[in-house]
Amino acid sequence: MKTLLLEFFTWWNGQTMGTRFFTWRKGEFVGEDEFGNKYYKERAGKKRWVIYNGVAEASSIPPGWHGWMHHRVDTPPTEETYHAKHWQQPHKVNPTGTPGAYRPHGSILTPEKRPEVTGDYEAWTPGN
């Protein structure tokens, strides 16, 4: 029941009722990525879409699926024999707004104290 209510009232959690109906009516399952996102295409058309596993976050789409979603390639990663090079790092979701986000020294969100200002800076004032 909770899932049904979330589907009805929220668009950022997985899929909405409209997406569920459109997928049932016209969608063809293409594949699933390592994050659990499910990819579909229209049976008789060019539309492609993803149903996110959890929060709808576009950066959670890996590069291979991103190329397929944006019509850069015609074959989805499930039909290819692509293997990542040894020097390639695995895909990571954008951590902005999470505890894993980058916080430089002096940021108000870090426990460290901001470094003291040195005397090599002279503030600009109008009229100088």
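How many aromatic pairs does the structure hold? The structure holds six of them, where rings of Phe, Tyr and Trp (its six-membered ring) pair if their centres lie within 6.5 Å, and planes under 30 degrees apart count as stacked, over 60 as edge-to-face and the rest as tilted. The model is predicted, so local features need pLDDT of at least 70 and side-chain atom pairs count only at pLDDT 80 or more, while totals for chains, interfaces and linings use all residues. Residues are numbered from 1 along each chain as its sequence is written, and side-chain values use heavy atoms, with hydrogens and water left out.

One of the pairs is formed by F29 and Y40, edge-to-face, at 5.5 Å centre to centre with 70° between the planes. F29 lies in strand 1 (residues 27-32) and Y40 in strand 2, so this pair ties together parts eleven residues apart in sequence. Helices (H or I, at least four residues) and strands (E, at least two) are DSSP runs, numbered from the N terminus. F29 is partly exposed at 45% relative accessible area, whereas Y40 is buried at 14%; buried means under 20%, exposed over 50%, and partly exposed in between (1.4 Å probe, protein chains only). Ring pairs also link F22, F29, Y40 and W49 into a cluster.

Y40 has W49 of strand 3 as its bridge partner. A hairpin of five residues connects strand 2 to strand 3. In strand 3 (residues 48-51), R48 and V50 on one side and W49 and I51 on the other are all buried.

Methods
Pairing = 2+ DSSP bridges.
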